[in-house]
Amino acid sequence: MDRPPKQMSAAREIGVGLLGLGNVGSGVIKLLEDNAAAIVSRLGARLVVRAVAVRDAQKPRQVDLDPALITTDVNAVIERDDVDIVCELMGGTGLARDAMLHAIERKKHVVTANKAALAVCGEEIFSAAERCGVDLYYEAAVCGGVPIIRALREGLASDRIDVVYGIVNGTSNFILSTMDADRRPFDDILREAQSAGLAEADPSLDVGGIDAAHKLAILISLCFGATVSVGDIFVEGITGVAPVDFDLAERFGYVVKPLCIARDRGSAIEARVHPALIPRSWLLASVSDSKNALYVKSRALGSSLYYGAGAGMMPTAVAVLSDLIEIARNVQSGSTGALATRSYRKLVPRPVVPAADLSSGFYLRFGVVDRPGVLGTLTTILGRRKISIAQVIQEGPRDPERPVQLVVLTHEAREGDMRGALADIKAGDLILEPPVVIRVAR
Ligand code: HSE
């Protein structure tokens with residue numbers, strides 16, 4: 001272990017109060033210990049954990065911690081005079097929001113990994129920090145250990161971003177890329193992701209796309225200076241994707257990825273989270289396992305890609321600790337409260353493009369009745385809605401007992417038109433099971 005050498009023990013101490021000691025909190029404690037000397041050399045000060053608030057003080061922990069530091073009283077941690085920075089790692093939008101606002105009122109700087117709270121009540125929390133003159137850092141909230149927030153707010157501060165494509169949920173990416181590699185069923189792989197500590201306490205937030213929508217809302221604020229209502233983001237989870245979709249996507253030259261897209265469309269922001277077929281030639285197609293990546297297209301720089309570990313104990317702890325170090329630097333230089341973490345001085349509320357007006361290619365997998373004219377009827381229904389077909393595959397031997405798999409790849413079509421066509425198809429007697437619909441990004 002990399003303990004601080006004796007001559008450094010006189011370094012100034014900056015007190016940290018941790019709220020939450022789950023996977024990420026334990027990682028922060030571990031990294032603080034493991035890299036203690038390196039942190040002192042970089043910072044010229046020591047970050048010292050003064051107290052840790054947990055829900056259940058008796059629960060066995062993943063790290064050795066002096067039991068005297070542990071309490072179940074969140075406010076007691078926040079209100080300690082020797083705590084300079086409150087590190088919120090509880091998650092959720094209730095207690096966590098209240099705790100952050102309380103800490104800010106008590107003039108404590110705040111580090112959070114809480115994408116949900118920032119996406120849903122970020123304006124309130126940022127305004128409080130501005131009013132009270134404290135720092136609020138959140139690098140771990142998006143793409144875990146990939147320093148994407150610093151890249152967007154500092155590295156690209158001079159450029160104008162048009163669009164971002166991202167893989168921002170590690171659990172979903174792990175599930176789909178494992179399904180691609182092994183063709184194993186969904187539930188089996190989800191269990192593996194959970195035991196690797198990737199998933200949220202409620203994994204439906206991951207696989208249902210909400211976690212990615214929260215992250216996308218934060219990215220939109222950083223890229224476009226806009227706030228959007230998370231409820232308006234078009235969100236579809238990955239639970240409908242099956243191993244067979246990888247076989248079929250591969251035959252068309254695609255792979256299925258959990259994608260999010262944000263694009264500035266002038267009058268509104270296009271914001272969407274859904275699984276998508278992306279060409280195998282795209283760099284994002286090789287982002288596998290639980291890795292995250294963000295592809296950014298900006299006017300002066302052109303394309304840039306940010307890649308790394310976006311979930312899990314140590315990658316997330318790296319991001320949290322980088323924020324603690326940044327605030328400690330500000331404390332030392334007397335420059336706290338500069339609101340450096342806002343990418344724009346004022347965020348402007350902007351509408352989201354309605355889902356019906358989004359467009360993309362579509363991959364449609366139907367289980368159809370095997371009888372003459374079915375393909376013709378189906379394509380006529382699509383044609384009536386101005387949906388043009390790019391490719392078709394029909395799979396499976398003739399069997400009157402079982403549906404035939406008919407897979408259609410369309411050219412760019414409006415979401416609203418596709419919904420209309422699917423409703424018409426479902427209303428008829430052509431299909432024997434609900435269709436699988438996956439958008440195609442090109
Ligand atoms: N559950 C999240 C993920 C963790 O899988 O990406 C990081 O936010």
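**Strands and crossovers**

Mentor: Start with the pairing. Strand β4 (residues 85–88) runs parallel to β5, and four bridges join the two. Keep in mind that this is a predicted model.

Trainee: What makes β4 and β5 count as paired?
Mentor: Pairing needs at least two bridges. β4 and β5 have four bridges, so they pair. I85 has H109 as its bridge partner in β5. E88 stands opposite T112 in β5.

Trainee: How does the chain get from β4 to β5?
Mentor: Through helix α4 (residues 95–105), in a right-handed β-α-β crossover.

Trainee: How do you know that β5 and β6 pair?
Mentor: Two bridges join β5 to strand β6 (residues 136–137). The cut-off is at least two, so the strands pair. They run parallel. V111 has Y137 as its bridge partner in β6. Here the chain crosses through helix α5 (residues 115–132), and this β-α-β crossover is right-handed as well.

Trainee: Which way do the side chains of β5 point?
Mentor: H109 and V111 point one way from β5 (residues 109–112). V110 and T112 point the other way. All four are buried. In a regular strand, side chains alternate between the two faces of the sheet.

Trainee: Why are β3 and β6 called edge strands?
Mentor: The open sheet has six strands in the order β3-β2-β1-β4-β5-β6, with parallel pairing. β3 (70–71) and β6 each pair on one side only, so they are the edges.

**Aromatic pairs**

Trainee: Why is the pair of Y165 and W282 called edge-to-face?
Mentor: Take the distance, then the angle. The ring centres are 5.6 Å apart, and the cut-off for a pair is within 6.5 Å. A search of the whole structure finds three aromatic pairs. Y165, W282 and Y295 form one aromatic cluster.

Trainee: What does the pair of Y165 and W282 tie together?
Mentor: Y165 lies in strand β7 (residues 161–167). W282 lies in the loop between β11 (269–279) and β12 (291–298). These parts are 117 residues apart in sequence, so the pair links them across that separation.

Trainee: Are Y165 and W282 buried or partly exposed?
Mentor: Y165 has 11% relative accessibility, which is under 20%, so Y165 is buried. W282 has 21%, between 20% and 50%, so W282 is partly exposed.

**A loop residue**

Trainee: Where is L301, and why is L301 called partly exposed?
Mentor: L301 sits in the loop between β12 and β13 (302–309).

Trainee: What does L301 touch?
Mentor: Leaving out residues up to four places away in sequence, L301 touches L156, D159 and Y306.

**The ligand**

Trainee: Which residues are closest to the ligand?
Mentor: K115, G170, T171, E200 and D206 are the closest of the 13 residues that surround the ligand.

Definitions and conventions: Residues are numbered from 1 along each chain as its sequence is written. This is a predicted model: local features need pLDDT of at least 70, side-chain atom pairs count only at pLDDT 80 or more; totals for chains, interfaces and linings use all residues. Side-chain values use heavy atoms; hydrogens and water are left out. Rings of Phe, Tyr and Trp (its six-membered ring) pair if their centres lie within 6.5 Å; planes under 30 degrees apart count as stacked, over 60 as edge-to-face and the rest as tilted. Buried means under 20% relative accessible area, exposed over 50%, partly exposed in between (1.4 Å probe, protein chains only). A crossover is right-handed if, with the strands pointing away from the viewer, the path from the first strand over the helix to the second runs clockwise. Contact means heavy atoms within 4.5 Å. A residue is near a molecule or strand if one of its heavy atoms lies within 4 Å of it.
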